[in-house]
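Please open the model in your viewer and keep the selection tool at hand. The stops below say what to select next and what is there.

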Amino acid sequence: SYSCVQDTTEDLGPVVSGSEQEGGKVATLRVSMPVTSRTALGEKVDGKYPVSWCEGDVLTVNGKPTTSITINEEDPGVAIFELPLGITIPYNIVYPYCGDGVAVDAEAGKYPVLFLTEQQHTEGTFAPNSAPMYAWSNGFDDVHMEHLTTVLRFGIKAKAGESVDLKYVSVSTVNAEPISGLFDVYCADGGEKAQGTLEARASALSTIFYNFEGDSYVVNDSKEEFFYIAVPKGEYSRFEVNFVNQNGEVCSETFDATGDKQLLAGKVREFPVVEFVANSKMLLIGSDADMETFAMEVNAGTFNSKYDGALLVNDVDMTGKEWASVEGFTSVFEGRNYTIKGLTAPLFGITAASFKGLHLTNVNINETEKPNVGALARQIVANDSVAPIIEHCSTSGNITVNCPNYAFKNESTYHEFS
């Protein structure tokens, strides 16, 4: 377990000048920032990390996306955002835009903001679009956008004489506080909640996955490597960080999240560098062949002596493949939000396993023997030593049950679910 040791960087402070739309003209917002405050980290200067606007940045204004950005070539801390027609003052501004089809509760003065569950490694900075901000403007006065994010900096190195090829890193809150997915932010002052208040939606997750290009990042013993992961501002207990290598070996460390301080918006929280020492191992599953290997290991009774769980590392298509439900699995099946498609039998029989972030689609089960049938398992049970957990999983497809040997199930039933 590690405690944090340093806070650096400063709040983002762009100035937004707004103009109403007159005579059908396109309105713009001029968003300018001090040199030391931008949306991507620069090299650390005088104990602070500068940040800058990036091409492709999109603001949400009253729930609608800006249509273009023009960054000042001489000063990347200044950008002009063009608004779509129909936007009127006051302006409730959120960065970044979180996509079409997301419900907005404008009457309550809150607007959706997305904290990325999948964050892509970007050398020396945090992932694009992973550091949300908000502001409110009457369209005439200059305003300052405010950070909603704390950036966590984790460092790792290999043992002397060794190297580690990382596949990905995951960060989770020990007490399951949400840190990714959809939240709502109250933009205006004097509303239902204090300005800048964040509320997690029911779909928000307690885990962030930090990915590398090509699913590979080599760490050696001669250089410490640092990764920047953006989380919502707030109070947390502890973070569990898992560094996973290509062999499924996991270096898991727990860090004290706050110590004597909150995780404040616009700050980088630096944690001590750790040395990669594997303390668990997962069976990595990325294909139908890996699924067969997993089933063989469990059915042969050798899984528990080799692995601490199973981990999806890619979508798997089982369409047209025979599958016999796996029996006796009692560990954890971590889906990592990947999908298994086309199962023709329950993934598991009777199991005491836990499932996290697993999605089953295009399930097509035609059951003629046992009426207790589901896509994930026939039955999930607890015993004296295992209490199964199911988190953020989903299933969709068709199940047909026709069991004539069961008197109370002597008619066919058809269930379509999602």
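**A tour from cavity to sheet**

The lining of the second largest cavity is made up of 3 nonpolar, no polar and 3 charged residues, where Ala, Val, Leu, Ile, Met, Phe, Trp, Tyr, Cys and Pro count as nonpolar, Asp, Glu, Lys and Arg as charged, and the others, Gly among them, as polar. This is a predicted model, in which local features need pLDDT of at least 70 and side-chain atom pairs count only at pLDDT 80 or more, while totals for chains, interfaces and linings use all residues. Residues are numbered from 1 along each chain as its sequence is written, and side-chain values use heavy atoms, with hydrogens and water left out.

To see that lining, select K167, Y168, D215, V313, R336 and Y338. A cavity here is a set of points, on a 1 Å grid over the protein atoms alone, where a 1.4 Å probe fits but cannot get out, and lining residues have an atom within 4 Å of a point. The volume of the second largest cavity is about 30 Å³, a volume being the space filled by probe spheres set on the points, with grid points joined across faces, edges and corners. By this rule there are 2 cavities of 30 Å³ or more.

Select N362 next, in strand β32 (residues 359–367). Phi of N362 is also positive, near 55 degrees, in a residue other than glycine, and N362 is partly exposed, at a relative accessible area of 47%.

Now turn to the largest pocket, which holds about 710 Å³ of space. Of the 29 residues that line this pocket, S172, E240, N242, E334 and K356 are the closest to its centre; a pocket is an open set of points with protein on both sides within 12 Å along at least five of seven lines. Colour the strands β16 (163–173), β19, β22 (238–245), β23 (249–256), β25 (280–285) and β28 (332–334), each of which supplies at least two residues of the lining. Among the contributors, β16 gives the most, with 4 residues. The lining of the largest pocket divides into 10 nonpolar, 13 polar and 6 charged residues.

Two peptide bonds come next. The bond that joins I89 and P90 is cis, with omega about 0 degrees, and P90 lies in the loop between β8 (78–82) and β9 (91–95). From Y95 to P96 the peptide bond is cis, with omega near -5 degrees, and P96 is found in the loop between β9 and β10 (110–115).

End at the open sheet of 3 strands in the order β10-β17-β18, where the pairing is antiparallel; two strands pair if DSSP finds at least two bridges between them. The edge strands β10 and β18 (198–200) each pair on one side only. Strand β17 (residues 181–186) pairs with β18 in the antiparallel sense over 3 bridges, and the bridge partner of V185 is L198 in β18.

Note on methods
Buried means under 20% relative accessible area, exposed over 50%, partly exposed in between (1.4 Å probe, protein chains only).
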